[in-house]
Amino acid sequence: MSLSALIVIDLQNDFCPSGALAVAGGDEIVAPVNALMAQFDAVVLTQDWHPAGHSSFASSHKGKAPFEMIDMPYGPQVLWPDHCVQASQGAQFHPQLDTARADLIIRKGYNPAIDSYSAFFENDRATPTGLEGYLRTRAITRLTMVGLALDFCVNYSAVDAARLGFDVTVRQSLCRAIDMDGSLAAALEGMKAAGVTLA
Ligand code: VGL
Ligand code: ZN
């Protein structure tokens with residue numbers, strides 16, 4: 001039998017209003033995401049989880065400001081404000097998120113040298129997080145994704161999942177975007193091209 005999972009991406013304090021990398025309206029989705037959990041066989045939460053001084057932080061690069069680009073060995077990388085530092089308050093889930101319902105919490109971005117937008121692979125698009133193996137060994141084939149940010153971590157996770165052969169739906173009304181330099185439009189195009197269903 002084919003099972004379904006709700007994948008909740010990075011619903012953490014730092015991505016909610018007043019957080020270090022706030023996504024507008026990020027907190028509005030918490031209650032409806034909680035309500036959706038009961039409709040799935042499994043619930044997976046992802047948690048952006050960077051060591052202090054992570055290479056994706058502008059503060060780690062002399063003369064660079066947040067939201068500038070840099071070339072990393074694995075390709076171009078946006079530089080971010082310091083966010084989701086391991087064990088900080090900002091890295092905790094939104095206090096109203098129903099974490100008790102989660103079967104699995106997958107952390108990502110812990111490698112100091114590589115960012116990890118996707119729940120499946122680090123930004124080299126090759127180093128796995130282990131989520132694929134977890135889902136396959138549980139016979140989960142249908143994924144619905146919600147969370148933050150639609151144009152970065154949700155986008156990368158959805159495209160990777162589709163590429164791996166999962167049946168993927170992104171619930172746009174339960175996502176919020178950063179939307180810098182046309183990143184939202186590009187993400188929506190990329191997800192469509194990868195075969196992701198945008199609901
Ligand atoms: C994210 C930027 C940096 C996200 C995480 O969750 O979309 N964006 N780290
Ligand atoms: Zn991050």
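**Exercises on the two ligand sites**

The donors of the zinc ion (ligand 2) are spaced D-x1-H-x32-H along the chain. The model is predicted, with local features needing pLDDT of at least 70 and side-chain atom pairs pLDDT 80 or more, while totals for chains, interfaces and linings use all residues. Residues are numbered from 1 along each chain as written, chains are lettered from A and ligands numbered from 1 in written order, and side-chain values use heavy atoms, without hydrogens and water.

**Exercise 1.** Identify the residues that coordinate the zinc ion (ligand 2), and state why the arrangement is irregular.

*Solution.* Step 1: Asp48 (OD), His50 (NE2) and His83 (NE2) coordinate the zinc ion at 2.0 to 2.2 Å (donors are N, O and S atoms within 2.8 Å of the metal, or 3.2 Å for Na, K and Ca; water is absent, so sites may look incomplete).
Step 2: the 4 donor atoms subtend angles of 89 to 168°, so the arrangement is irregular (tetrahedral needs all angles between 85 and 135 degrees; square planar for four, or octahedral for six, needs opposite donors over 155 degrees apart and all others between 65 and 115).

**Exercise 2.** Find the polar contacts of ligand 1 with His83, Leu148 and Cys153.

*Solution.* Step 1: a polar contact is a pair of N or O atoms within 3.5 Å.
Step 2: a ligand 1 nitrogen is 3.1 Å from a side-chain N or O atom of His83.
Step 3: ligand 1 oxygen atoms lie 3.3 Å from a polar backbone atom of Leu148 and 3.1 Å from a backbone N or O atom of Cys153.

Notes: Polar contact = N/O pair within 3.5 Å; in protein donor to acceptor, adjacent residues only side chain to side chain.
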